[in-house]
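Please consult the sequence and the model shown here.

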Amino acid sequence: MSDVRYCERCSYLFLKFSLIIYATVFWLIGGFILAIGIYAEVERQRYKTLQGAFLAPAIILILLGVVMFIVSFIGVLASLRDNLNLLKVFLYMLSVCLILELLGGILALAFRNQTVDLLNKNIRKGMVNYYDDLDFKNILDFVQRKFQCCGSEEFTDWEVNMYHNCSGRGPLACGVPYTCCLETMPNEVVNTLCGSNVMNKNRHELGNVINVRGCTNAVFIWFMDNYKIMAGLLLGILLPQVSYP
């Protein structure tokens, strides 16, 4: 009997400390995301140009951070105090989060074309005010550099921006941002007008000038090429949620 009780005690301590570690890690991550979201929102309010949630990533970060912070904090508190009621609340909240994650993934896959269309539509909406919203501009610039792409579906999407439209005037007219251009050498000075007058040319003429593929397809291709890494990250997030309930 003593051996059985000892094993039960060891199992109990293992589950308790693993829950504490899991909840604490996500609690800290949630607090970090929340802090970044609040800082980004404060900066965004200085401009007050875009009000849509999709076009204000700070709002998404704040919501995600709040959910992660609250749920994880309840898990930490419940495990430290061995409070059965709090553990039940944590279990239910974790189950709801898991169901929403799975449901969101299933719906996104089932309605992939509609999801892509919605994503492209919102990206083009952001491109209209590209120079007015620094949050969106920084994100899109990073994506265009990282994934070597341009625009949403293709580089001609930049026509929606008044500065890049071919009917506009100025050095940016009928061109694309310099983040669409092919990467330069490390010590080479960046030519910010390297994407000038590219929209009135054919795709095959621009192979050595800019990236002509759209960012939506580029990101999806990257996910497919790195599916093992993404699957590992996904399992790392979902497995603890499945195990503890």
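Q: Is Arg203 buried, partly exposed or exposed, and at what relative accessible area?
A: In this predicted model, the class follows from the relative accessible area, where buried means under 20% and exposed over 50%. Arg203 falls in between, so it is partly exposed, with a value of 42%.

Q: With which residue does Arg203 form a salt bridge?
A: A salt bridge requires a side-chain nitrogen of Lys or Arg within 4 Å of a carboxyl oxygen of Asp or Glu. The closest N and O atoms of the pair are 3.3 Å apart, and the partner of Arg203 is Glu154.

Q: How many residues apart in sequence are the parts that Arg203 and Glu154 tie together?
A: Arg203 lies in the loop between α5 and α6, and Glu154 lies in the loop between α5 and α6. The pair therefore ties together parts whose separation in sequence is 49 residues.

Q: Which helix holds both Lys137 and Asp141?
A: The side chains of Lys137 and Asp141 meet in a salt bridge at 3.0 Å, N to O. Both residues are buried. They are four residues apart, about one turn of the helix, and that helix is α5.

Q: Where in the chain does Glu153, the partner of Arg124, lie?
A: Arg124 and Glu153 form a salt bridge, with their closest N and O atoms 2.9 Å apart. The pair links distant parts of the chain, 29 residues apart. Arg124 is in helix α4, whereas Glu153 is in the loop between α5 and α6.

Definitions and conventions: Residues numbered from 1 in each chain as written. Predicted model: local features only at pLDDT ≥ 70, side-chain atom pairs only at ≥ 80, totals over all residues. Heavy atoms only, no water. Helix = DSSP H or I, 4+ residues; strand = E, 2+ residues; numbered from the N terminus. Buried < 20%, exposed > 50% of the residue type's maximum accessible area, 1.4 Å probe, protein only.
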